[in-house]
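Reader: Could you go through this model with me, beginning with the metal sites and then turning to the packing inside the protein?

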Amino acid sequence: MHVRSVQDSPLSVRVGALIVPLFTDGVLDGATEVADKALGGAVSDIVAAGEHKGKLGEITLVHAKDHPFRRLIVVGLGEREKFEPLNIGRAVGAAVRAFGRKGIKEFAVALPPIAKGHESACASFAAEGAISSTFDLGSYQKDTEKHNVAESLTILGEGFDTKALDAGIVRGHALGTAINLARRLANTPANDMTPTQLGNEAIAVGKATGIQVDVHDAAWAEKHKMGSFLSVAQGSVQPPAFIVMTYKGDPSSNELLALVGKGITFDTGGISIKPAAGMEEMKMDMSGAAGVVATMHAIGTLKPKINVVAIAPATENMPDGKSTKPGDIVRAMNGTTIEVINTDAEGRLVLCDALTYAQTLGATKIIDCATLTGACVIALGHAASAAMTNNDEFLNAFIAATKHTGERYWHMPLFDDYTQAMKSDIADLKNTGGRAAGTLTAGAFLKTFVEKTPWIHLDIAGTAYVEKETAWLSKGAQGVPVRALVAYAEALAANGHVG
Ligand code: BES
Ligand code: MN
Ligand code: ZN
């Protein structure tokens, strides 16, 4: 999608539809008031009739065939007192999602007067919201009728700081594109999104952005003694792929941010096989990997002054004659022996070797993200991801930097009790710690593989994908944690390394 700003007045912009905001107080201001007057009070009438309450994402279409803007889309921005730039993205997303599917190609949006001083953030969210709202869930369907045909968004700059608008547009475009990439990678079924294909997608990101990409095979992992990662891969006919993407935005610095993403392209549970109900969702068990690959697309486009490496251990988890069996003991890259109690606790087995590898590369900060535990969905539902750390200052900085992205992270504890629960009688560790605090025992397991490097673990099991669409986003993969990872990378580049 093409996004730009112009100095045209709302009444002169030539598009398929002009989007104007409405707050729940029903007070018309800015371009909404101007358009209302031009249409003989049509918006006031709609508000007076109670047909539009200004709820966030609520939309009403008014035809205006005698005007250059052709149609007016009144879109709810929620409560004026609770205004934040994020809501612009959701409102624009709702309008473009609804009417892009009805054939409108060109949209313009007028920001409310309250957006003054927040131009960059509002434009970024508008671009991100418009782009992510057009994501196509039906790319496998013959019937193309439902496809979103939106092509462009014009942000009206009259009375606003256009330099800031344009900077926001560049950022929002890169972010929206990355979010949709992450969603496509995750939504694509596992017969198409194999570890090899995920590696190819990473290579394509490298080609598009100039980032160095290495996709390592099982022999390479063997040489690096990644016995834990390989123990998950050994039951699959699909070869594993250990994906490494290296971005050097600050070559003179030794600081290196590592982003590690769980890349289980399908999780059957292995020999500890999962029940049939809902198992198809496990095609999205590589949402963490999709998130870090897509984040590198945004980083390679925006080029912040930091160094970042993305690491995605990718494999299927399958039952087979060659599969790991419950009770087997495997040896991780750092020498730790792990008793595999449950082959369905495979995410931690691939992540631990990736964490060790990140440290051998000299990572000075590590963030891993994974659809790691069903327990996380029980604890936080779909409202927030769980965040755990060995360094509170680091996590506080991450949460502060990502607060206004639309993604939520909730600090959960890693008490020593949880680490104790992961001790095995016959190996150094076991891979499950019982039913209690399943998200935190998983986090504690990973923590033992991080020596001193500040580290954050994000469990995105409840947020990476959802069963219910919103007005602005289709269901399925949501692109979590791309918004947060990009925001944190930008904060690092702007403020230096904290934590
Ligand atoms: N990929 C799953 C976790 C998951 C479950 C994510 C549901 C999203 C929705 C993970 O590999 C898994 O199976 N975890 C087990 C761990 C248990 C065996 C200790 C779980 O959560 O049941
Ligand atoms: Mn599993
Ligand atoms: Zn899994």
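Reader: What spacing do the donors of the zinc ion (ligand 3) follow along the chain?
Author: In this predicted model, the donors of the zinc ion (ligand 3) follow K-x4-D-x17-D-x60-E, where donors are N, O and S atoms within 2.8 Å of the metal (3.2 Å for Na, K and Ca) and, with water not among the atoms, sites may look incomplete.

Reader: Which residues coordinate the zinc ion (ligand 3)?
Author: The zinc ion (ligand 3) is coordinated, at 2.0 to 2.4 Å, by Lys262 through NZ, by Asp267 and Asp285 through OD, and by Glu346 through OE.

Reader: And what is the arrangement of the six donor atoms?
Author: The arrangement is octahedral, because the angles that the six donor atoms subtend run from 79 to 174 degrees; six donors count as octahedral if opposite ones are over 155 degrees apart and all others between 65 and 115, four count as square planar on those terms or as tetrahedral if all angles lie between 85 and 135 degrees, and anything else is irregular.

Reader: Which residue bridges the zinc ion (ligand 3) and the manganese ion (ligand 2)?
Author: Asp267 bridges them, and the two ions lie 3.1 Å apart.

Reader: What are the protein donors of the manganese ion (ligand 2)?
Author: They are Asp267 (OD), Asp344 (O), Asp344 (OD) and Glu346 (OE), at 2.0 to 2.2 Å from the manganese ion (ligand 2). The site is irregular, with angles of 70 to 168 degrees among its six donor atoms. Asp267 belongs to strand β10 (residues 263–267) and Asp344 to the loop between β13 (337–339) and α10 (347–360), so the pair ties together parts that are 77 residues apart in sequence; helices (H or I, at least four residues) and strands (E, at least two) are DSSP runs, numbered from the N terminus.

Reader: Is Asp267 buried or exposed?
Author: Asp267 has 3% relative accessibility and therefore counts as buried, which means under 20% relative accessible area, with exposed over 50% and partly exposed in between (1.4 Å probe, protein chains only). Asp344, at 23%, counts as partly exposed.

Notes:
Residues are numbered from 1 along each chain as its sequence is written. Chains are lettered from A and ligands numbered from 1 in the order in which they are written. This is a predicted model: local features need pLDDT of at least 70, side-chain atom pairs count only at pLDDT 80 or more; totals for chains, interfaces and linings use all residues. Side-chain values use heavy atoms; hydrogens and water are left out.
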